[in-house]
Amino acid sequence: MSAVDATSSLFTPAQVPHEKLENALQDACCAVLNNVRRIGDRNPKIGLDNSVKYRFCPPRDWVCGFWAGQLWLAYKVTGESRLRNSAAMRLPYFKTLLNNPEWMDHDLGFQFSLSCVAQYKLTGCETSKAMALKAADTLLGRFRRVGKYLVAWNEHHELGLEQTLGRTIIDSLQNLSLLFWASESTANPVYREAALAHAHTLKKYIIREDYSTWHCFLFDPLTQQPLRGETFQGYADDSCWSRGQAWAIHGYAQLFEHTGDLQWLETAQHLADYALAHLPQDGIPLWDYRLPAHETPWRDSSAGAVTAAGLLLIAQHCSDQIKQEHYQQAGASMLASLVDQCCLAGNPQAEGLLSEGASYVKEGLCNNMLPYGDYYYLEALMRANGYTDFFWK
């Protein structure tokens, strides 16, 4: 049965008092600081069921950089040395990751932009810079020069060898910033050229005509000819996974920051307009924008946080005042809903910032704290409070 649109234009952004989001930012930074001792040198992976405690990453996990990213963001806001020290003590983890090539995939930007690039930008640590450049080299090595895309996952992924050799995924848009940063840091255009080629390929194949998106797109691994779109974590192949849509919104807005090319900002706006037209009334996305009415409507606060950050990034770069105000108000209104309904910052026992994250609904992971939701929630709150300089660029 095909997935159908469950909602349409129910969300009406409202004016949000600045003090609300200002206080929410301070509360979030305090919560991160309070969790430094509790989390130690570990990296949160996913919330334990029915709990405000985190399960932690093994030696390799795609989410391992998001706690470091939160620490560095909170450090930017507060200047608190405990946050800086806690983030820096994670370098051995990322060194181990770099020394195991079979552990590395398309998520190197998530892992190293928010840890090593952040540390280099804020402290000038040359070790961090060298590690981030090595990660960028590895990510560049995943570029298929005939197909012009970054291949997703590795041969040992659960999908199997035949299904991974020609697959790219929408999450990869968030990892391109590592390549842009490497290009600027080394004055070598090859990183930038690969990032732009990949962005064009995904725009052509993974974005549909109505600006909904597939999660994945498959190419023939031998000829690199395009085959088909699929949705691995969403409801169905013809549905629209809300976090995937969020990765695209934020990712293409970042591409405009890196290039100044208006086509990327316009693409981000179209993707954002699709999401806004399919939000529930409260502004917190369901896990899929085309979820049939008979399915359990799990919310995904992480998709909401990424989308809100992307909307505020779009607003920052809109030259048209009406559009700027529209995206600014939409992002702030989504944030306000997260503050009111999902925020855990006021719970002294909580090791995360947001409840109701939908990691992978088909696997039963549908109501958890998620470190990536926490990271983008903090980033979005900072954007709503006037911060414009982040580790992506």
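Helices here are DSSP runs of H or I with at least four residues, strands are runs of E with at least two, and both are numbered from the N terminus. The structure is a predicted model, in which local features need pLDDT of at least 70 and side-chain atom pairs count only at pLDDT 80 or more, while totals for chains, interfaces and linings use all residues. Residues are numbered from 1 along each chain as its sequence is written, and side-chain values use heavy atoms, with hydrogens and water left out.

If its neighbours within four places in sequence are set aside, His 258 is in contact with Ser 177, Phe 180, Glu 184, Arg 192, Trp 392 and Lys 393, where contact means heavy atoms within 4.5 Å.

Rings of Phe, Tyr and Trp (for Trp the six-membered ring) pair if their centres lie within 6.5 Å, and planes under 30 degrees apart count as stacked, over 60 as edge-to-face and the rest as tilted. By this rule there are 27 aromatic pairs. In one of them, the rings of Phe 94 and Phe 112 are edge-to-face, because their centres are 5.5 Å apart and their planes stand at 70°. This pair links distant parts of the chain, with Phe 94 in helix H5 and Phe 112 in helix H6, 18 residues apart, and both Phe 94 and Phe 112 are buried. The rings of Trp 247 and Tyr 372, by contrast, have their centres 6.5 Å apart and their planes at 50°, so this pair is tilted. Because Trp 247 lies in helix H11 (residues 242-259) and Tyr 372 in helix H15 (residues 371-384), the pair ties together parts that are 125 residues apart in sequence. Trp 247 is buried at 0% relative accessibility, and Tyr 372 is likewise buried at 2%. Trp 247 and Tyr 372 belong to one aromatic cluster, together with Trp 62, Phe 66, Phe 110, Tyr 375, Tyr 376 and Trp 392.

A cavity is a set of points, on a 1 Å grid over the protein atoms alone, where a 1.4 Å probe fits but cannot get out, and its lining residues have an atom within 4 Å of a point. The largest cavity is lined by Ala 68, Trp 72, Ala 87, Arg 90, Leu 91, Phe 94, Ser 115, Cys 116 and Gln 119. Helix H3 (65-78), helix H5 (91-98) and helix H6 (108-123) each supply at least two residues of this lining, with the largest share, 3 residues, coming from H6.

Finally, Lys 148 has a positive phi of about 65° although it is not a glycine, and its place is in the loop between strand S3 (143-144) and strand S4 (149-150). At 42% relative accessibility, Lys 148 counts as partly exposed.

How values were computed
On a 1 Å grid over the protein atoms alone, a cavity is a set of points where a 1.4 Å probe fits but cannot get out, and a pocket is an open set with protein on both sides within 12 Å along at least five of seven lines; lining residues have an atom within 4 Å of a point. Buried means under 20% relative accessible area, exposed over 50%, partly exposed in between (1.4 Å probe, protein chains only).
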